[in-house]
Amino acid sequence: MIFDTIRFREALGHFATGVAIVTAVEDSAPFGVSVNSFTSVSLDPPLVAMCAAHTSTTWPRLRSAGAFCVNILSDGHESLCRRFARSGTDRFEGLDWRPSPRTRSPILAGVAAWLDCWLDAEYLAGDHTIIVAKVLELSYDSSREPLVFFRSRYRCLDAGRTA
Ligand SMILES: Cc1cc2nc3c(=O)[nH]c(=O)nc-3n(C[C@H](O)[C@H](O)[C@H](O)COP(=O)(O)O)c2cc1C
């Protein structure tokens, strides 16, 4: 390789993404994790995907749950995103949420959209696993602006500007 991991990460950071929190329930207790590798895959059937690091302790729990909800974050959710990326804390402490209609996974208050999913397939890819999920139900709130992650920083869209 003629570039190191740091430069690779920095180059990829120039691709602006949204941020999502993937949630599920285990023994009646909610859990979840922040991801920005979320993407759409297929319209028919409706499939989405994300990548989980092999070091993630949340992914094995999502796999055994077999179902989860993808919560697409709004601007103002920066601290929520940080909270769901931090280890050793109760990420749901004091949080407002309700169960999704199909899988009973947590829908977080104020999200721009949510997708209630079943795990469909997984593929090993280097130090990550690509997770493909089938969308069973969804909703969105078009009045909300997204939380954007770009060059390792959280940003908000300037709603008044178009490209
Ligand atoms: C903005 C942002 C995006 C992230 N995206 C991913 C991701 O796509 N996949 C992943 O495995 N971890 C991602 N992480 C890291 C996880 O949120 C989390 O810190 C890591 O998985 C360790 O937590 P866990 O052991 O509970 O899974 C991201 C963190 C942040 C702050």
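The structure is a predicted model, in which local features need pLDDT of at least 70 and side-chain atom pairs count only at pLDDT 80 or more, while totals for chains, interfaces and linings use all residues. Residues are numbered from 1 along each chain as its sequence is written, and side-chain values use heavy atoms, with hydrogens and water left out.

Met1 belongs to the segment before helix H1 (5-12); helices (H or I, at least four residues) and strands (E, at least two) are DSSP runs, numbered from the N terminus. With a relative accessibility of 81%, Met1 counts as exposed, a class that begins over 50%, whereas buried means under 20% and partly exposed lies in between (1.4 Å probe, protein chains only).

Turning to the ligand, 17 residues surround it, the closest being Ser34, Ser37, Ser56, Thr57 and Thr58; a residue is counted as near if one of its heavy atoms lies within 4 Å. Several polar contacts (pairs of N or O atoms within 3.5 Å) can be followed here. The side chain of Thr57 places an N or O atom 2.5 Å from a ligand oxygen, and the side chain of Thr58 likewise has an N or O atom 2.5 Å from an oxygen of the ligand. Ala85 takes part through its backbone, where an N or O atom lies 2.8 Å from a ligand oxygen. Of the 620 Å² of accessible area that the ligand has on its own, the protein covers 79%.

Four salt bridges are found in a search of the whole structure, each being a side-chain nitrogen of Lys or Arg within 4 Å of a carboxyl oxygen of Asp or Glu. One of them joins the side chains of Arg61 and Glu26 (2.9 Å, N to O). Arg61 lies in helix H2 (residues 58-65) and Glu26 in strand E2 (residues 20-26), so this pair ties together parts 35 residues apart in sequence. Arg61 is partly exposed at 32%, and Glu26 is partly exposed at 28%. Glu122 and Arg63 also meet in a salt bridge (2.9 Å, N to O). Here strand E9 (residues 113-125) holds Glu122 and helix H2 holds Arg63, so parts 59 residues apart in sequence are tied together. Within helix H3 (residues 78-83), Arg82 and Glu78 are four residues apart, about one turn of the helix, and their closest N and O atoms are 2.7 Å apart in a salt bridge.

Strand E9 also brings the account to strand pairing, which requires at least two DSSP bridges between two strands. Strand E6 (residues 67-72) runs antiparallel to E9 and is joined to it by six bridges, with Ala67 standing opposite Trp118 of E9. E9 pairs with strand E10 (residues 128-140) in the antiparallel sense over twelve bridges, and Lys134 in E10 is the bridge partner of Trp118. The hairpin of E9 and E10 has two residues between the strands, and Gly126 takes a positive phi near 60° in it.

How values were computed: A polar contact is a pair of N or O atoms within 3.5 Å; within protein, one must be able to donate a hydrogen and the other to accept it, and residues adjacent in sequence count only if both atoms are side-chain atoms. Accessible areas come from the Shrake-Rupley method with a 1.4 Å probe; for residues, only the protein chains shown count as cover.
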